[in-house]
Amino acid sequence: MTWSRQTVSTRFIWGLSLALTIVLITGCGKKRDANSQAATEYVLELGGKVLSAESDLPIDTTAKIPEGGFAVREIDLTDAKIKNNDLHKLSDLPYLETLNLHGTMLTDKGLQKIEDLPRLQSLELSYTRVTDAEVSKLTRFPKLRKIFLYGTVIKPQTIEDLKSNLKGVTIYK
């Protein structure tokens with residue numbers, strides 16, 4: 001079967017049009033999730049910072065929140081005045097890799113509310129009021145590789161249990 005030059009050109013243009021349409025609809029591969037806007041606004045209210053999955057520039061004011069959707073990669077709430085009951089706002093962030101709660105008044109009640117973080121790799125809990133009871137349940141984050149527990153009352157046995165249940169984790173105490 002032989003194709004004319006016009007047939008080849010027409011098929012090429014249709015193929016290119018289809019590819020461009022797919023790219024435009026999917027947003028060129030940008031990561032987005034529905035909860036990022038609300039979570040970012042909450043973090044900013046508390047004086048924290050956010051990094052999106054697409055940039056290394058911190059989002060530290062509402063004016064810097066990207067338009068058109070985005071995904072949160074890092075949250076830093078060092079020394080923030082968090083409320084345990086509001087920490088559910090940090091859940092359901094599928095691209096979150098790093099969560100820093102250093103020096104907050106976080107307790108087990110608040111830590112229980114943080115869930116649905118399938119990519120969480122680093123969790124900073126130093127100088128918080130978390131206990132063995134809830135820290136031992138951090139295995140719900142299977143990709144967790146770094147846990148910071150300086151200044152907490154976590155027992156050595158809890159740390160050993162976490163190390164055996166979360167392969168490859170490093171715990172700093």
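In this predicted model, D132 is buried, its relative accessible area being 14%. The side chain of D132 forms a salt bridge with that of K155, at an N to O distance of 4.0 Å. This pair connects distant parts of the chain, 23 residues apart: D132 belongs to helix 4 (residues 132–135), while K155 lies in the loop between strand 5 (146–148) and helix 5. K155 has a relative accessibility of 52% and therefore counts as exposed.

In total, 6 salt bridges are counted. Another of them joins the side chains of R140 and E134 (3.2 Å, N to O). E134 is buried, with 3% relative accessible area, whereas R140 is partly exposed at 30%.

A patch of positive charge on the surface is made up of K31, R119, K143 and R145. Of these, R119 is found in the loop between helix 3 (108–112) and strand 4 (122–124). The relative accessibility of R119 is 33%, so this residue counts as partly exposed.

The largest nonpolar core contains 39 residues, of which I75, L99, L125, L138 and I147 touch the most other members. Two or more residues of this core come from each of helix 2 (36–45), strand 2 (72–76) and helix 5 (156–165). Helix 2 gives the largest share, 4 residues. In soluble globular proteins, nonpolar side chains tend to be buried together.

Notes: Residues are numbered from 1 along each chain as its sequence is written. This is a predicted model: local features need pLDDT of at least 70, side-chain atom pairs count only at pLDDT 80 or more; totals for chains, interfaces and linings use all residues. Side-chain values use heavy atoms; hydrogens and water are left out. Patches are made of residues with over 30% relative accessible area and no salt bridge: like charges are joined within 9 Å, nonpolar side chains (Val, Leu, Ile, Met, Phe, Trp, Tyr) within 5 Å. Accessible areas come from the Shrake-Rupley method with a 1.4 Å probe; for residues, only the protein chains shown count as cover. Lys and Arg count as positive and Asp and Glu as negative; His and the chain ends are not counted. The place of a charge is taken as NZ of Lys, CZ of Arg, CG of Asp or CD of Glu. Buried means under 20% relative accessible area, exposed over 50%, partly exposed in between (1.4 Å probe, protein chains only). A nonpolar core is a set of buried Ala, Val, Leu, Ile, Met, Phe, Trp, Tyr and Cys residues joined through side-chain atoms within 4.5 Å.
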